[in-house]
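Welcome! Please take a moment to look over the sequence and the 3D structure before reading on.

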Amino acid sequence: MSVISNAKEIADLIKKLGDVELYRKIIELEGQIIEITREKHSLEERTQELSKTLQIKDAMQFKQPFYYQEDDAVPFCAHCWEVDNLAIHIIMEGGYNAGTRHHCHKCNTEIFLR
């Protein structure tokens, strides 16, 4: 049985006994339990996000001018990674006389390599 279920059961028993003040306190406690439960879920989600970010961070290796991950030949945008911790792949567009154009669709950073 969950904590919330227990609190509801206690509230129902107290209501039957007719102790209005105690019933009000149990209802307050139930609301606090629900809020703590929400906060706990929120913190668990945030922990998962941070764990995922740390895994990505550990896998990132800077090789100028881009970041790379092992087993991924497509580079990541250095600006997006360093500023926002976003692992955004760079789009390579060839065909330019001066070299290959690398473009980030997120931050619009452009790099020309020869």
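Here is a short tour of a sheet, its hairpin and a few backbone details.

## About the model

This is a predicted model, in which local features need pLDDT of at least 70, side-chain atom pairs count only at pLDDT 80 or more, and totals for chains, interfaces and linings use all residues. Residues are numbered from 1 along each chain as its sequence is written, and side-chain values use heavy atoms, leaving out hydrogens and water.

## The sheet

Helices (H or I, at least four residues) and strands (E, at least two) are DSSP runs, numbered from the N terminus. Two strands pair if DSSP finds at least two bridges between them. Here, 3 strands make an open, antiparallel sheet in the order β1-β2-β3. Because β1 and β3 (72–76) are at the edges with a single partner strand each, one side of each has no neighbour in the sheet. On average, neighbouring strands are turned by 35 degrees against each other, direction ignored; axes are lines fitted to C-alpha atoms, for helices over the stretch in contact, and angles run from 0 to 180 degrees between N-to-C directions.

## The hairpin

Strands β1 (residues 60–63) and β2 (residues 66–69) run antiparallel and are joined by 4 bridges. They form a hairpin with 2 residues between them. Lys-63 has Phe-66 as its bridge partner in β2, while Gln-61 has Tyr-68. Pro-65 lies in the loop between β1 and β2, and the peptide bond from Gln-64 to Pro-65 is cis, with omega near 5 degrees.
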